[in-house]
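Look over the sequence and the model first, then work through the points below.

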Amino acid sequence: MRAGRQIPESAVDQRAPARVRPAPALGGALVPLAVCVWLAVGSGANAPPLGASLRVIYTTDTQGRLDVCGCSAGQHGGLPRRATLLRHLRSEAQAVIVIDGGSAVTKVSHVDPFARAYRSMAYDLVLHAATALEGAFAEALTREGVDTLPRPREPGGVACQVLEADEGLELLVLVTPDPAGADADALAQSLRGAIQAATAGRDPAARRAVVVITGESPTGNARLAERVGDEVDLFLGASFPVITSDYREPIAPGPVAPAIAGGKALTVIDIGFPADGGRPEVAARYEPVAPDLLPDIEVGAIIEDYYASQKLSAGLEGDAPDEFALDYAMRGWADAMVCAECHLEEYGLWRGTAHAHAIDTLAGRGRLVDECLTCHSEGFRRGGSFNPEAIVPGDGVTCATCHGDGVVHSMTGRVDAIERHVSADLCIGCHDEERQPLGFDFEASWRLISHGSDNAPAEGGA
Ligand code: HEC
Ligand code: HEC
Ligand code: HEC
Ligand code: HEC
């Protein structure tokens, strides 16, 4: 899949080694100047055809979303579907470059599956911040043969990389930290200097587009674009808003393209190089990682591996022998079977709701793993571990989830030892935007699971 990425021997003179250029004087601006490395990502140096076009595909802030949970119908995202979409988007275009802007992983256990998946999807460049986690991710990517580029740390710093794609097309990528923390004029000057340094001595007729990747919102990037001028064709930023819900809006024309968090959509930028050699024309749009895409088999297998290993670790942590599962006082919370002794009617109604089957749902999908159990199992929420060999019979989203541990109440029947009222906020803690894309209707939802004589819980109250 990545065979085309090797630099052909015959092309070594033009492409290698990485050029280290002395920084030209920059009129006293105290900003470190980028040194640009050239990297072949395409297969050959054909003469660019008239009206050639380069497709850049950008993702950022995937935030650990390896796959959708399936908690609601119509969920967007997931790496297996992203892989399918990328394959399709590649097949349509002359030359393609795929870049990730960072914040893909959110915990150490993600590093390996993400690195393998990114290799399988043939990412050309992955940016990373100077954190231990992103550093570990960059190392794993390097092992997998995926190129990485650290984001510069100092305000005003610029990192730089040139990607040489098929058809003799080039993409000059400049990366800055959050420009909000920088002197904007100095940063603009630094960017212009880096562009000059990177392109000095290169074929002036080369078909080259210049993209700046920042950690900024579209507004911040628009301000920077004004300062830099038209030497830069495109500014890509962080996802914005941080948790984006709407990727159905078209991207406004202009040099600034936003991104979508959580892997729900890709930003696709088609860069056309006019036959007369004028400035490239840029058109950006979102391509949703839609629910109807078939998951890619190779990336799907990587994700299944990951969940299988997580299942194992969740199981090994569990220290619940049978008597521990049954002795609720020792365990520290009373499960539904305990409450059933005195509240048979409520128990019967609860048994008929999805809450009672939340563990079965995960088990049925091979997803008895921490990141799912956190909402689907009270035992996990309270104990921080889960033993699939010793599932507490009344576990799930259970009585204690809403009414409190109930230990003293169950032993004594004392009414002041149990929480009667349940606030809508508690529901929304699990029924969040991700699970309920259309919003959570408290009244209607409560009606579906109501029990007891007084069916009017206090909305929003404590
Ligand atoms: C933030 C809490 C939360 C997390 C984390 C979570 N879920 Fe859910 N899940 C829910 C809620 C709430 C629903 C019910 C959504 C609805 O009413 O449409 C649900 C529903 C589901 C359903 C649909 C059940 C059905 O019968 O239709 C599946 C499947 C599911 N979750 C699987 C998972 C998996 C797999 C994971 C881990 C990758 C996960 N969930 C993580 C809260 C969560
Ligand atoms: C030993 C019997 C017993 C057990 C076990 C028991 N309860 Fe109760 N519960 C009672 C009695 C008695 C009342 C008071 C009934 C009344 O006032 O009508 C009560 C009342 C309640 C109330 C209403 C409180 C109020 O302020 O009106 C809730 C809610 C409740 N129980 C939940 C639970 C839950 C959840 C469990 C399990 C964790 C549980 N109970 C276990 C006996 C029990
Ligand atoms: C600890 C997390 C959690 C809390 C708190 C929670 N739920 Fe749920 N809820 C879930 C999960 C998980 C499911 C899906 C279970 C499954 O199908 O496996 C669910 C499913 C449901 C469903 C069924 C949806 C369907 O389409 O069948 C309703 C209705 C519901 N919840 C209402 C509520 C209400 C009302 C509250 C607050 C009083 C609440 N939930 C609190 C996690 C939670
Ligand atoms: C998803 C949250 C949720 C779960 C799970 C849940 N309850 Fe409730 N329960 C409520 C709410 C909300 C009320 C209504 C509170 C009010 O009246 O303000 C309620 C009311 C009650 C009452 C008082 C009924 C009355 O007639 O006064 C009892 C008793 C009770 N629940 C027991 C249970 C038992 C037993 C279980 C488990 C088998 C359970 N609940 C599971 C949310 C929940």
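At roughly what angle do the axes of helix α5 and helix α6 cross? In this predicted model, the axes of α5 (residues 184–199) and α6 (residues 218–228) cross at roughly 60° and come within 9 Å.

**The helix pair**

- Two packed helices are described by the angle between their axes and the distance between the axes.
- Angles from 65 to 115 degrees would count as roughly perpendicular, and α5 and α6 are instead classed as oblique to each other.
- The crossing of α5 past α6 is right-handed.
- On the α5 side, the contact involves Ala184, Asp185, Leu187, Ala188, Leu191 and Arg192, which meet Leu224, Arg227 and Val228 of α6.

**The iron atom of ligand 2**

- His343 and His409 coordinate this iron atom through their NE2 atoms, at 1.9 to 2.0 Å.
- His343 sits in the loop between α10 and α11 and His409 in helix α16, so the pair ties together parts 66 residues apart in sequence.
- His409 is buried because its relative accessible area, 14%, is under the 20% cut-off.
- His343 has 36% relative accessibility and counts as partly exposed.

**The iron atom of ligand 4**

- The protein donors here are NE2 of His403 and NE2 of His451, lying 2.0 Å from the iron atom.
- His403 belongs to helix α15 and His451 to the segment after α18, so the two are distant parts of the chain, 48 residues apart.
- His403 is partly exposed, at 24% relative accessibility.

Terms used:
Residues are numbered from 1 along each chain as its sequence is written. Chains are lettered from A and ligands numbered from 1 in the order in which they are written. This is a predicted model: local features need pLDDT of at least 70, side-chain atom pairs count only at pLDDT 80 or more; totals for chains, interfaces and linings use all residues. Side-chain values use heavy atoms; hydrogens and water are left out. Donors are N, O and S atoms within 2.8 Å of the metal (3.2 Å for Na, K and Ca); water is not among the atoms, so sites may look incomplete. Helices (H or I, at least four residues) and strands (E, at least two) are DSSP runs, numbered from the N terminus. Buried means under 20% relative accessible area, exposed over 50%, partly exposed in between (1.4 Å probe, protein chains only). Axes are lines fitted to C-alpha atoms, for helices over the stretch in contact, and angles run from 0 to 180 degrees between N-to-C directions. Angles under 35 degrees count as roughly parallel, over 145 as roughly antiparallel, 65 to 115 as roughly perpendicular and the rest as oblique. A crossing is left-handed if the near helix is turned anticlockwise from the far one by less than a right angle, and right-handed if clockwise. Contact means heavy atoms within 4.5 Å.
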